[in-house]
Amino acid sequence: MKNDLALIGVAKTFGPHVAVQDVSVDIAEGSFFSFLGPSGCGKTTILRMISGFIEPSAGSIRLGTLDLAGIVPNRRPTALIFQNLALFPLMSVAENIGYGLKVRGVSAAARGRKVDEMLDLIALSGFAGKRIEELSGGQRQRIAIARALAVEPKVLLLDEPLSALDLKLRQHMRAELRTLQRRAGITFIYITHDQGEALAMSDRVAVMSKGQIEQIGGSSDIYDNPGSAFVASFVGESNILVGRITATDGQFAVIETAVGDLRGRNPKHLTTGDAAMLFVRPERLRIAAAEDDLVVNSLTGDINEVMFEGLTFIITLRHVSSRLVTLSLANDGTGLAFAPGSRQTVSFSPADGLILPAGPIARLDVVP
Amino acid sequence: MSSALTRFGRLGLAYIFTATGLWLLVLMLLPLIVTIDYAFRPFLPPVDWGGPNDRYTFDNFAVVLLNKFNQTIFLKTIWASVLVTVLSLAACYPVAYTLAREKRSGRARWLAIALIIPFLVNELLRAFAWQLLLSYKGLFNQVLMSLGFISEPFDFINKNVGVIVGLVYTYLLFMILPLYTALESLDPNLVDAARDLGAPWWRIHWDVVLPHAKPGLANGCIVTFMLAAGSFAVPQLLGGTGSLWFTQLIYNQFNAINWNMGAAYAFCLVILCLVFIVIVMWLLRVRLSDIAR
C-alpha cells in the first residue's frame, strides 16, 4: 500500500557505540507493529529515527515512495507519543489537542471541530476546558494520543507510553489502544520492553537484542516458534536446560542435559554434537502420576522450595542426580502437590520441548 | 510551629527568628523609615532641628515632581532602563537556553565559568574598562575605522551608547541566572513534542519555552530594571556629560548636603519604579508568587 513504512538496512552509531545495526523491516499501512526488547536494545533509537529526531548513520527509511531522509521532525508525517507523554502543562486539554493544528495555521473554528471529534474518539467529550493536572493517568494517556492523531499522521509512534501506569490500568489501556488503532486506521508503531503488551496488541512484533532484530512475526508465532535462544527466553516464561545434541531423527532431537536425555523439536536442524538449549513453557509441563511412570522427558526429584506466583509455581527440584533444577509450572489448581520434601516427577511431551542452538539468553538483570 | 521546634530545636529557632528579624529591621525597615522621615522634613540648618519649622511637609516632593527637568530625567531613566532590560533579555535568553539544554555536557560548565569570571572584577573597574574600550580613541573606534565602517570616531559616551552597553553588561548575571533556573526545569520532551507536532522553532519558544520560563523571566527583568534604574557608577563613568541619570540627581542633592531633598528624590525613584513594575506585571499577568517560586 502507499503508506507502508520500510526500514532498509538502518544503522545508528554514537561514536564507538553501535545502537542499531542493519535493521530492515516492512510495516504494512494500518497495522499495529511492535518493537520488543530489553532496555538498551536500540528500540527507542529506531523510533527517534522514524520520527526524525535522529538521522540514521546508514540505510534509509521510506514511507511509501517517500524517502524520509532529511525531513525534519516538524515536517514528517509521523507523530510521536512520548514515554512521559509530554503534554503541555500550561495549556488546557483543548489547547493541547489543537496545538498541532494551530501551528499549521488551521482556523480556530476548524480546530474546535477537530478537537471535539478527537475528544469523541477517546471518549472524553466535555474535557476540553480541563487543565492537564486535573486528569488521571489514563486520561492523560488518551489526551496524548488525541493530540498526536489530531494532525492526521500517517504513522503514530508510541514510546512505552503505558510504562508509568499501574498494572490494571495498563491492561485496560492495551485494549483501548488496540481499539483506537482500528478506529484511526493508521499504522501504530509501538516500542516496549513488556512482552505482554507487545503480544496482546500487535499484528506483528520485532524482537530486538543488541541493536539487531532477532525475529519478526505474529504474536503467536513469536511465542510458539521462537527462532533463537534469546527470543525463547525473552518472550514469555521458559524452562531452559542447557546441553548437547546426542541424536536426531526427523523433526526431533535428543539433548543430553545435566538431568538426563530429553527429547524435543529440532526446527533448526541441529546435528549431533551441537551445543543446544531446550526450552519448555511452564504451561506445557505436567506432574506425572508416579515415579515409575517411564514416559520420555521426565525429571524426578524432591521438591526443595516452592514459590507461588499466581499464574505459575516456581519450584526448585533436587534431581535424583542431586543437581538443583528450577522449574516453573502452570498453576492448574493442584498446587498442594508441591509440598516441600515430596518426591515428584515432572514431564512434557517432545512436541512441547523446543531445541535451539545455544546462544545468549535474555537476562533478568539487564540494566540500561 | 511545633514541628519547626522539634526540627530546629529551641536555639535554632531563636537564631532563625533573630536573624530574619534583624535583617528585616536593620537592613530594610530602618533605612527606609529614616529616608521617608528625611524626605518629609524641610532642609534646615542644625539649630532649627526640632524647632517650630521642623514639621512634616510635601514641599520636597513638589520640587522633585513638578520640576520639568526632573521629569525629563526621570522618564529618560525609566525609558533607558527598559531598553537595558530588553537588550539584556535578548542577549541572555539564548545563552541561558543553551546553558540549560546542555547542562549535562562539559561545555555548559565552561560557559558558566566564562560568564562568572568577569564578575570577579569590581563593578567600577569594569565600567572603567568599558570607558577605555568605547572612548574616542578606544579599541572599538579604532577597529571600526580600520575596517572602514566609519570615517571618524563615533562618540559612544555622549551618544548614550556607553551607558546602555555598560548597564547591560554589568547586570548580565542577574538576568541569566533566574532565566537559567527557570529554563533548566523545562522538560526537553515538551520541546520535542512541539517540534514533532509541526511547530517551527520560534513557535516552540513562544508557545512552550517562554510561558514556562515566565517566572524566571519576570524575575530577571525586574531585578535588571531595578538595578539599572538605581545604578550610579555606570552612568557616572559611561554617561555623557549632557545627560544625567536620576540617581545622579539624588547624588547631587546629598553632595550638596541637602539630605532631605535627596531623600525625597530617592523615595520618588523607589515608588515610581515600583508602580512601573506593578503595571508591567499586571500587563504580563505575572503574579508575585510566580516570581518567588
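**Where chain B meets chain A**

In this model, 18 residues of chain B touch 24 residues of chain A. Keep in mind that the model is predicted. Together the two chains bury about 1,700 Å², and 60% of that is on carbon and sulfur atoms. On the chain B side, B:R195, B:D196 and B:L197 give up the most area to chain A, together 40% of what that side buries.

**Polar and charged links**
- The tally between chain B and chain A comes to one salt bridge.
- That salt bridge pairs the side chains of B:D192 and A:R48, at 2.8 Å from N to O.
- As for polar contacts, eight residue pairs turn up across the interface of chain B and chain A, counting pairs with both residues at pLDDT 80 or more.

**What chain B brings to the interface**
- Two helices of chain B, α9 (188–196) and α10 (201–229), are the elements that each put two or more residues into the side touching chain A.
- The top contributor to that side is α9(B), with seven residues.
- Sorted by type, the chain B residues touching chain A come out as nine nonpolar, three polar and six charged.

**A look at B:L75**
- You'll find B:L75 in helix α3 of chain B, which covers residues 68–101.
- B:L75 counts as exposed because its relative accessibility is 57%, and the cut-off for exposed is over 50%.
- Between B:L75 and B:V209 there are 134 residues of separation in sequence and 32 Å in space, taken C-alpha to C-alpha.

Methods
Residues numbered from 1 in each chain as written. Chains lettered and ligands numbered in written order. Predicted model: local features only at pLDDT ≥ 70, side-chain atom pairs only at ≥ 80, totals over all residues. Heavy atoms only, no water. Contact = heavy atoms within 4.5 Å. Buried area = accessible area lost by both parts, 1.4 Å probe. Salt bridge = Lys/Arg side-chain N within 4 Å of Asp/Glu carboxyl O. Polar contact = N/O pair within 3.5 Å; in protein donor to acceptor, adjacent residues only side chain to side chain. Helix = DSSP H or I, 4+ residues; strand = E, 2+ residues; numbered from the N terminus. Nonpolar A, V, L, I, M, F, W, Y, C, P; charged D, E, K, R; others polar. Buried < 20%, exposed > 50% of the residue type's maximum accessible area, 1.4 Å probe, protein only.
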